[in-house]
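Reader: I would like to go through the terms used for a structure like this one. Please set each value against its rule.

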Amino acid sequence: MKSFRKDLWYVYPERQGIINITKDVQECLKASGIQEGICLINTMNVTAGVYTNSDEEPMNASFLEWLEKLAPHNPDAKTGSGETEISFLDTHLKRTVIGREVMLAVTKGEIELGTWEQILYFEFDGKRRKRVLVKIIGE
Amino acid sequence: MKSFRKDLWYVYPERQGIINITKDVQECLKASGIQEGICLINTMNVTAGVYTNSDEEPMNASFLEWLEKLAPHNPDAKTGSGETEISFLDTHLKRTVIGREVMLAVTKGEIELGTWEQILYFEFDGKRRKRVLVKIIGE
Amino acid sequence: MKSFRKDLWYVYPERQGIINITKDVQECLKASGIQEGICLINTMNVTAGVYTNSDEEPMNASFLEWLEKLAPHNPDAKTGSGETEISFLDTHLKRTVIGREVMLAVTKGEIELGTWEQILYFEFDGKRRKRVLVKIIGE
């Protein structure tokens, strides 16, 4: 069995939005040399998510609007006891709806994605470097 | 390490609803000959999901009603710039709540499911052939 | 390829709430002797979920309040035809939002978690013994 890991780092320039990371994951697979196996993509930060969808506007903007309705930012909501000024509760809730991880099949050296499926990173607390871990096992 | 993949195809006769695919996945595992490992089931279409739940009515119907409340169909919402008549935004949102994939443990040649757990495919844009990929790795 | 499985059992003393199971999963990995691979944690009961988040109050309590808004307990909602007194529909819906499984990378004998990431079990129908399965494959 072979295994491969790589940290991908992203800075989203605004507080919240989407980055298409499909090519970066495909490059990880190429570097791994793995032909058959599975690939795990997971956000290492509790205020960001990863999922698959078609990468289109205005849908991406609509996803954010929808998440804001499901889990609105509430400036008075605290996550921990030590906080004083900024509330992050909504960012944790939004990430829970989107999900923290994607698992993909690796077949004949390629990631198996549907026709319109792209791997999307959803940032909920941006403007700083954040990490996505890619782990591939197989042979 | 052994690996196995199979495409399962489904046509749901209505726009939205649930298909129990547990037996199809169990047949994949049997065909693979894998005794110990993990099994990935993922929808290859961004307007369908897969999850596990008990397969009961009226709960299945209630799930759809609930999703319609969380992500109502809005005929004016566009997903991409090229669309003119039909809005699919709600189908992408509903699939995000349900999830695109299920990972199951394979032990002694069996898929490990809880007592009431069934593998359910949730169609949000039916009446056409759509694909679910099963990938199993192990030995 | 090596594989390892263990059932973890929990009793949450109230109807709904969160148990941090990070240490139990880390002990599974230690017992497995696996250095490189992946680790699946999945609830074996359709009225409980597992996810990762920072483990903080008041955020944990806020998660439950938020889920109660998204999927309120409705005493009249039936899940199956055989039920007479108690409605469990909301517990299935809440578990669907939270998720049934977490996949983690195993690298150099350690589970890879983000700085604040903990593995949390979310009980929606407690006061009885319930099962979480840990499956690890790798070498």
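Author: Across the interface of chain A and chain B there are four salt bridges. This is a predicted model, where local features need pLDDT of at least 70 and side-chain atom pairs count only at pLDDT 80 or more, while totals for chains, interfaces and linings use all residues. Residues are numbered from 1 along each chain as its sequence is written, chains are lettered from A and ligands numbered from 1 in the order in which they are written, and side-chain values use heavy atoms, with hydrogens and water left out.

Reader: What makes the pair B:Arg5 and A:Glu112 a salt bridge?

Author: The closest N and O atoms of B:Arg5 and A:Glu112 are 2.6 Å apart. A salt bridge needs a side-chain nitrogen of Lys or Arg within 4 Å of a carboxyl oxygen of Asp or Glu, so the pair qualifies.

Reader: Which salt bridge does A:Arg100 form?

Author: A:Arg100 meets C:Glu117, with 2.7 Å from N to O. Across the interface of chain A and chain C the count is four salt bridges.

Reader: How many residues of chain A are in contact with chain B?

Author: There are 34 in chain A, and they touch 29 residues of chain B. Contact means heavy atoms within 4.5 Å. Against chain C, 29 residues of chain A are in contact with 34 residues of chain C.

Reader: How much area do chain A and chain B bury between them?

Author: About 2300 Å², with 62% of it on carbon and sulfur atoms. Buried area is the accessible area (1.4 Å probe) that two parts lose on being put together, summed over both. On the chain A side, A:Trp66, A:Met103 and A:Glu112 lose the most area to chain B, together 23% of what that side buries. Chain A and chain C also bury about 2300 Å². Here A:Met1, A:Thr96 and A:Lys135 supply 22% of the area that chain A buries against chain C.
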